[in-house]
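I opened this notebook to keep track of what I looked up, entry by entry. The structure comes first, and my notes follow.

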Amino acid sequence: MMSTDDEADRGMIFELLLDWLDGRLPEHRAEALEAAVPMAQPETQATVQWLHEFQVLARAMPLYEPPPVVGQHLRRHFRLWSRARAALNQPPAELTATLLFGSRLDLATAGVRGVDDQEHAAHLAYTCDRADLVLDITRNSDGGVRVDGQVLAAEDEEPVFEAMVIGPRGVIRAVDGDELGRFCLPSVPDDATELRVMNGDLINVAALDLRGPEPVV
Amino acid sequence: MISDGRGIGTKRVDLRAEPAVRGRAECEVGDEELLSRCRDGDADAWRVLVERYQRLVFSVALRNGLSMEDAADITQLTFMALLDSIDQVRGVDRLGSWLMTVARRQAWRLRRRAVQEQHSLGSVPPVVDSVEEWERLAWLHGGLSQLNGPCRDLLQALYFDPSEPSYAEVAVRLGRAVGTLGSMRARCLARLRRILQEEDQDDVN
């Protein structure tokens, strides 16, 4: 086992050899050391060889500072990455949308004849904390309805939504929307009760009532 | 695992400490802990990690003959690759050499694409390292990444900074007395040598 004195001696020799190789010794001491090293213990020679290799490798690849914009971009990328990662680990928020406007109801209340005058379309607008939802509903000749919709989400929401219509027996239709949040369900039976639009982070649930003698027209 | 004994389970240093002490505190935090905090979304840990290794990654790209702009892009791509793989790099005890390898591969890919599309990249021809030379460089930087922060910062300032700062400049930069640098440098190099010798021994075993 090596004594503390031995370790201290080795430390001093190591530092002396390093000072020599770094060119930090006075000339006369450097010359004396240069003459002594070839006759030194193998351990000392191995130390000199290791230090020399370290210096050669260090000089072989100096480390340059990248432009500051690199760090800036990487900090921004990390923010996006960590937000996406956090979202992946969380179930989407399910929010119930409130009906803000229904053309059939509002026109009737105002004493206007109704949506018959508007090319057999009804217009519905819903809202919740994180997105608005607008729907145009048109009666098809087969008795079903066509639903054209658009989700108007907050700026930081993913804009592409999947739209799903639910009826008494479960999911009736599901379609993917486009990058503007628009979607189209060409034929929906009039017993549909609910429309769900979802983008992975958010599920927006809107109640539907498409039935009646003249459900939406 | 990190061999400097400051890995998971040891006292965590607050990276958001007062600016006056932040510089010292940041360099005390080991790579493994920084990676762990990055996985938890800690932006300060990410900033420290990037500041610690961006010069190495950027220099690898430059060494492979890329312009400053392309080397900057490769630096970003390399760190983005680290984020993509952050759950797989658990237990990486030589993050420096991991990043070097990724940066070199990205630089090659860019050069190959440039050749295919017949456009010039940088004005500097790439340094062609032999397998052995490259392995020695990666070996050295892998060892450096296992040193504690103060030692790594000191050795990088004294031996890897292309501006070759004086001891006085390094002392100011690191907030240390100039008279302590010489012996600290020797202790840090001796520690680096032990780390690398242990690795060589592990490779032999």
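Over which residues of chain B does pLDDT stay under 50, and how many contacts beyond four places in sequence does the model have for them? I began here since this is a predicted model, and I found that the stretch is residues 1–11 of chain B, with 20 contacts beyond four places in sequence. I then noted residues 16–24 of chain B, where pLDDT also stays under 50 and the model has seven such contacts. Where pLDDT is low, the predicted coordinates should not be read in detail.

I read an average pLDDT of 82 for chain B, with 80% of the residues scoring at least 70. For the model I wrote down an ipTM of 0.80 and a pTM of 0.64.

Next entry, on disulfides. I looked through all chains and the count came to one disulfide, which joins Cys151(B) to Cys188(B) with an S to S distance of 2.1 Å. This pair links distant parts of the chain, as Cys151(B) lies in helix α7 (residues 149–160) of chain B and Cys188(B) in helix α9 (residues 178–204) of chain B, 37 residues apart. I also looked up the torsion about the S-S bond of Cys151(B) and Cys188(B), which is about -75 degrees, so the disulfide is left-handed.

Are these two cysteines buried or exposed? I noted that Cys151(B) counts as buried because its relative accessibility is 3%, which is under 20%, and that Cys188(B) counts as buried at 1%. I then turned to two cysteines of chain A: Cys128(A) is buried, with a relative accessible area of 12%, whereas Cys184(A) is partly exposed at 28%.

Last entry, on a sheet in chain A. I traced five strands that form an open sheet in the order β2-β3-β4-β5-β8, with antiparallel pairing. At the edges of this sheet stand β2 (98–102) and β8 (182–188) of chain A, each with a single partner strand, so one side of each is left without a neighbour in the sheet. Neighbouring strands of the sheet are turned by 20 degrees against each other on average, direction ignored. Looking at one pair, I found seven bridges joining strand β3 (residues 121–127) of chain A to strand β4 (residues 131–139) of chain A, and I noted that Leu124(A) stands opposite Leu135(A) in β4(A).

Key:
Residues numbered from 1 in each chain as written. Chains lettered and ligands numbered in written order. Predicted model: local features only at pLDDT ≥ 70, side-chain atom pairs only at ≥ 80, totals over all residues. Heavy atoms only, no water. Disulfide = S-S within 2.5 Å. Helix = DSSP H or I, 4+ residues; strand = E, 2+ residues; numbered from the N terminus. Buried < 20%, exposed > 50% of the residue type's maximum accessible area, 1.4 Å probe, protein only. Pairing = 2+ DSSP bridges. Axes fitted to C-alpha atoms, helices over the stretch in contact; angles between N-to-C directions. pLDDT = per-residue confidence, 0-100. Contact = heavy atoms within 4.5 Å.
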